[in-house]
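Here's a quick briefing on how the pieces of this model pack together. Have the structure open while you read.

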Amino acid sequence: MKRLASTLILTALLIAACGGEESGGPLVVYSGRSEELVQPVIDQFIQTTGIEIQVRYAGSTDLAATLLQEGDATDADVFFAQDPASLGSVKDMLSPLPSEILTRVDSQFRDRGGRWIGVSGRIRTFVYNTGTDIALPETIDDVTDPRWAGQVGVAPTNGSFLAFVSAMILERGEDATLEWLKALAANDPQDYPKNSPIVAAADTGEIEGGLVNHYYLLRLRAEGEGTDSENWFIPAGDVGTLVMPAGAGIVAGTDQRDAAEQFIEHLLFAETQAYFATNTFEYPLIDDIAHPEGLPALHDINTPEIDLSELADVLDDATRLVSEAGLV
Amino acid sequence: MTAGPPTVRPPEEVRRSRSAGWWTATALVLLPALIPPLSLAFQVVTGGSGIGLPFTRLWELFAGTVALTAAVTVTALAIGTLTAWLTTRTDIPGRRFWMIIAALPLVIPSYMAALTIIGATGPGGVLSSWFGIEIPTPYGFVGAWLALSVFLAPMAHLIVTPALRLIDPALEEAAVGLGAGSRRVFFTITLPQLRPALVSGGLMIGLYTISDFGAVSLLRFDTFTRAIFTLYSGQIDRRPAATLSLLLMVFALAIIFIERRTRTRAAYQSGRPRRDRAPIRLRGWARAGSLALLGGYGLTALGLPLSVLFFWLARGIESGQSLGGVGDEVLRSLGVSVAAAALAAVASLPIAMVTTWRRARLSEATESAVWAIYSLPHITVGVAVVALALKWAQPLYQTVFLLVLVYVAMFMAQSISTTQDSLRRASPDLEDASRGLGRGPMATLSRVTIPLARPGLLAGAALVFLSVMKELPATLLLRPNGFETLAIRVWSTTGEGFFTRASVASLALLAVSIVPLLALTYRDLSD
């Protein structure tokens, strides 16, 4: 029994050890973007450069917290995150990018200090069931209108929703944001842990609408559903159509600066940008790349002007307000 | 064997002389188990932070957690005891088949259980699109209660089944002989003898419920654990969540304390050798009703999740979605699960022996600590260990070794509990007899103690294996870079709405998990 047990343990540890864990060597990327979305991009990079890469996939906020906890001890060379808030919260650990990389992307989609750069655009949107007879919201305030009572799906603990609330704090101030959140909470919103179940629920008619990011509906369509719902870009140009670029930065303590820069350049190559548009349904952020099929062009959407560099500074306030308003 | 006649020592003396050795062994295995609570306390003390939640909210969370824990524990115990009784004590047709069916849902992680309920009900759900039955999705308490009860019932089934087999039939036969009906026999004779198994099963189910995040988050019911996850995911500052976790641990300790108070010290050792008994005959309505119950349970707990997964798979293949490979993930998940299960079995033997056969305050404290860790949300354990490893054990940070150690600490309670159940049914006198007759300590261990503990050790290893297969939050935090497991694949695919790939990863997870469960059930059958 004991011998059997120890043999089992040894074999198991051997098998397990094959999976990962070599220090030094490869370029380590902490990716808050899912493996499903970005692994092909990473494989392409390995193929063209021959540089070895090791990725740690997890949630963007979780990785930001992990980076802060690890501090100088971190193995990470690049932080590739889903949203500007996560990137901004570790900006003190990132080093400025060279200007020839930075200038490829419009200044509104990168850090003012040049420590991170947006690589693909994700837009907040209002997904709705096409069979609904409720008038669609003209402004983000219409979402809290009694006509939408009990019919709006939200993901109050999700990073994108918190980024949206952070943007609202920057746009309207704390008091007005709290007021809006309270009005939302009073309107009996349906809460979900994340975006994709909201879109699925709007599609089946479980709810009439929901506050989500634009690409989840296209994803659902790729799976063969999503025919009974549509994205609605709130026309007022308020934070209801916030653009939250996914982006990347280089960890200051890296010993592989060249490889790290090459990786970020790779994310901005025309082919990679086209990949984002066709496969992850995100907006390319460099010029002259076609936007995702079936969506309006980025410049045709009325988006708010928010300094994304400041988003992280109010992220904890956003979390506090959401809980103060009773949404979580 | 060339030595003279063995010296016979009085049992009490033997027992005392060995205590020191056992205590050392216990202390050694306990050290890793104490890492999470210690580092948690360390974090809270050095971080010094409040929770940032108003008192009324805390009270709400407390009430929700208590209600859900109580409801799930009672329901899962009832279902599990019923399935165990029907499949071991009656002549229900297809007994062996049902025995496996009743155990299998344990392989389904709670987040998958919740996804199943959501995917099956509601306007676009499988039930309405395939069968035309539309049930509104039961969000909130009802949904969480159903999901957890149905999918945790097999825990009770697996713990009660061996206990039922080991009950001495003489008492029941005497009751029948005196004219008691089968219902009366069950409630007055069988049930009281099942009490130790029910209590340990109840503790395992109840504390699991407290630590669960998957079901309560997807089905929207507020508990401590859901609030803790919210605090961790919403903000970069991890201290408030640590404080709330410590509060949760105090709550779990209170439950453990109550359990301790209600636990009887009665020993259920039978002096007589085991013998078979005639199964209870089910006739007419009782037979039809029992079959309907088992069938209904099987359809809900296995049929539904599988139809949702195959629905996703079929839909995705039709739309030309790629399936995604999971070969490496299967190997990694298997590796860490087997390692953790084997280590947990080895580690729980001394603790189970000390706590079952000897009485000491310290041994009870030890056991309470193990249960308290089991009840913690896994994300809390993960974060605490990350903090501790970064500070004092950097070479171990993000290694498979530490990951496995943490799994053992988190789930060891399960294997200790099942091992205790086995040992409780054997008399420590057997050990003493062996020593008294001149066997050395190692020989006694391998020829007497381990064989006595074997059923419990194996059952415990299987439970730990299943828990590790399903584990997500601590794995995300502690694994080496690039070390993706099946559970991580299920999480990352469902999160981004890649349902086709999610179904492939989920089906692989289920397929791998079924192996030890089948082995365990076959052992039950061959007994």
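Glu261(A) and Arg257(A) sit 4 residues apart in helix H10 (residues 257-268) of chain A, so about one helical turn separates them. Their side chains meet in a salt bridge, at 3.1 Å from N to O. For a salt bridge, read a side-chain nitrogen of Lys or Arg within 4 Å of a carboxyl oxygen of Asp or Glu. Helices here are DSSP runs of H or I with at least four residues, and strands are E runs of at least two, numbered from the N terminus.

This is a predicted model, so local features need pLDDT of at least 70 and side-chain atom pairs count only at pLDDT 80 or more, while totals for chains, interfaces and linings use all residues. Residues are numbered from 1 along each chain as its sequence is written, chains are lettered from A and ligands numbered from 1 in the order in which they are written, and side-chain values use heavy atoms, leaving out hydrogens and water.

**Salt bridges and the A/B interface**

- Over all chains, the whole structure has 25 salt bridges.
- Between chain B and chain A the count is 6 salt bridges.
- Glu225(A) pairs with Arg315(B) in a salt bridge, with the closest N and O atoms 3.7 Å apart.
- Chain B brings 68 residues to the contact and chain A brings 60 residues (contact means heavy atoms within 4.5 Å).
- About 5400 Å² is buried between chain B and chain A, with carbon and sulfur atoms giving 56% of that (the accessible area, with a 1.4 Å probe, that two parts lose on being put together, summed over both).

**Helix packing in chain A**

- The axes of H8 (residues 195-204) and H9 (residues 215-222) of chain A come within 9 Å and cross at roughly 65 degrees (axes are lines fitted to C-alpha atoms over the stretch in contact, and angles run from 0 to 180 degrees between N-to-C directions).
- That makes H8(A) roughly perpendicular to H9(A) (under 35 degrees is roughly parallel, over 145 roughly antiparallel, 65 to 115 roughly perpendicular, and the rest oblique).
- Asn195(A), Ser196(A), Val199(A), Ala200(A) and Asp203(A) of H8(A) meet Tyr216(A), Leu217(A) and Leu220(A) of H9(A).

**Helix packing in chain B**

- H8 (residues 182-211) and H11 (residues 239-262) of chain B have axes that come within 11 Å and cross at roughly 170 degrees, which means H8(B) runs roughly antiparallel to H11(B).
- On the H8(B) side, the contact is made by Arg195(B), Val199(B), Leu203(B), Leu207(B) and Ile210(B), while H11(B) residues including Phe251(B) and Glu259(B) take part.
- H13 (residues 327-357) and H18 (residues 441-470) of chain B pack at about 135 degrees, with axes 7 Å apart, so H13(B) is oblique to H18(B).
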